[in-house]
Amino acid sequence: MKRRITAVVLHVGLLGAAAVTIFPFVWMLLSAFKSNAEIKALHQTLLPKQWTFENFLKVQDNFDFLRLFGNSVLLSTVITAIVIYTSCLAGFVLAKYEFRGRGLLFGFVLATMMVPWAVTIIPRYTMFSAAGLQGTWASLIIPAAFSGFGIFLMRQSMDGVSDSLLEAARIDGASEIHIFHRIVLPMSTNAISALAIFQFLWVWEDYLWPYLMINSDELQVLAVGLTTFSGRYTTDHGGLFAATTISILPVVAVYVIFQRRFIAGAASAAVKG
Amino acid sequence: MTAVLTSRPADTPGVRRPLLTPRRRRRTYPGERTLRIGVVGALLAFNLVLLVVPIGIAAVGSFHRWNPLNGTFDYLGLQNYVTLVTDPVFWRATINTGVFGVVVIAARVALGLAVAYAIFSRLTRWKSFFRMVFYMPVVAPLVAVAYVWRLMYQPQAGAINTFLGLDVNWLMNSTWALPAVMLMTIWKDFGYAVVLFLAGLYSLPDNALEAAAVDGASTWQRFRWIVLPLLRPMTLFVVVTSILAYLQTFVQVLVLTKGGPGTATYLLSYLIYDKAFVTYDFGYASAIAFVLMTATVLLTIVSFGITGGWRGIRR
């Protein structure tokens, strides 16, 4: 009997917490299909009284969200690919080669993760402006090329690749770069997918740096576009609901499909620390 | 589900591998030198140009009156730091950051532990569903999520007032604005702690819990005296990563309140953004940034000290 009560309490509590957690998403999604009049009405309902698609169409007319969306997808993909490759290379070198200063270098990589963005962003801003890179994607890609977190994650993962396997390949005449590409990389897919997810999300939601660097609508990313839209059309709440839906929903959908990978990746990043 | 999280017993936080593999050989393979020097060189060059040099510039800049718009760069000595000590907004931001950090981290750890333990319970069904839901806000992009919350906090038609029957102008009220920003942050981030604590729980040795149950320990006793100490390394990880994250929090402030009303929701990182890219006082912003970095390093060291490092207890 006591177990029964405990079980009921547990499930009621968890379901309640789950409802609260999911509510903002549901509310956003449903509100995106309400007219502006209904959104601001005194009497509020959760479900739209009259479903409308007008917010999405209007928002696209006023503001090219599809382009921003495409930019964010492309930029996140490019940066994620670069970060994966550089992290794997550096992780491999740090895990599998012995050289003087290796421990120091790894400590340095860890330390880079502790530097707040607030310290480096001002000098970086002046440096990139002076170099004439403002207004180009190069300014967004270059500072993201190496990731302390990525190197840390890949080094921890590649440390587990057995040395005798690499020795065997060497005896067979495989070059180091071949070993890296053909043996170590394929053995690290779990860590790579964890890194890919994190890195993609970080680029996707990064706001300040693209805001400072990119000044044209053609090259802008979604996160900055949202703030521009909200500043320009302050009263268009329906449009803002539609715009946030465009930004959030695809990410959450991908997450729901691959949730196991997401969660295992999140846990592994910590558990390996 | 558990297989994913527990398939690598050697990686559990309690059982640490040595940080680096012990020295076994000194032989250099053909082709190793080129690869190694290339990679290490690129890594060092990158960090030199984009991290070390910027930190140096910021350090020098913090002793200058530095405004890129009119090109000023005049030596001020310690003036920026003196201004900082006497600036009420800086102290307000420091207190706010402290309150924000303590409350959000405490809530994140407490909620994360409670929810993870509830999901972990043998009585609970639909475990992966719950885990999936609680992690959802973590993956949602922050800027967009902050806008959704801004709409939820709307006084007239916002979801919170409407569905809870309240009448509070959350973001314009100096008492409620900071708690509102904190609540959004807790909602966004607690799921990460849930997933981490769950991973920690699944890597606990079964026999410890069973032995305690056989000895007649109550659920609470088992939690307090066995689970909690064993989860200490994971708790430390959550706390340290949270400290690093919350000292840098700024997007939700920018979207929700812009630091207002008045200075009620200024956090240190938002203040730096404000000084740097709204008033273009780069020198003063750099001075605050250095204080922030010092605080980050000190707090990290202190939390390692309190909780006894990653290793926690050995088993």
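Student: What ipTM does the predictor give the complex?
Tutor: The model is predicted, so scores come with it. The pTM of the complex is 0.88. Its ipTM is 0.91.

Student: How many helices does chain A have?
Tutor: Look at the secondary structure of chain A. The count of strands is 0. The count of helices is 15.

Student: What is the radius of gyration of chain A?
Tutor: Start with the spans. The C-alpha trace of chain A covers about 75 × 70 × 35 Å along its principal axes. A compact globule of 273 residues would come out near 19 Å. Chain A instead has 24 Å.

Student: Among contacts in chain A between residues at least 6 apart in sequence, what percentage join residues at least 24 apart?
Tutor: Take the contacts in chain A whose partners are at least 6 apart in sequence. Then keep those with partners at least 24 apart. They make up 75%.

Student: Which peptide bond in chain B is cis?
Tutor: Go to the loop between helix H12 (251-256) and helix H13 (268-277) of chain B, where B:Pro261 is found. The bond has an omega near -5°. It runs from B:Gly260 to B:Pro261.

Student: Is B:Trp126 buried, exposed or partly exposed?
Tutor: B:Trp126 lies in the loop between helix H4 (88-120) and helix H5 (127-139) of chain B. Its phi is near 55°, a positive value in a residue other than glycine. Buried needs 20 or more neighbours, exposed 12 or fewer. B:Trp126 has 14 other C-beta atoms within 10 Å, so it is partly exposed.

Student: Where in chain B is B:Tyr280?
Tutor: Phi of B:Tyr280 is near 55°, positive though the residue is not glycine. B:Tyr280 has 15 other C-beta atoms within 10 Å, so it is partly exposed. Its place is the loop between H13 and helix H14 (282-307).

Key
Residues numbered from 1 in each chain as written. Chains lettered and ligands numbered in written order. Predicted model: local features only at pLDDT ≥ 70, side-chain atom pairs only at ≥ 80, totals over all residues. Helix = DSSP H or I, 4+ residues; strand = E, 2+ residues; numbered from the N terminus. Rg over C-alpha atoms; globule rule 2.2 N^0.38 Å. Contact = placed C-beta atoms within 7 Å.
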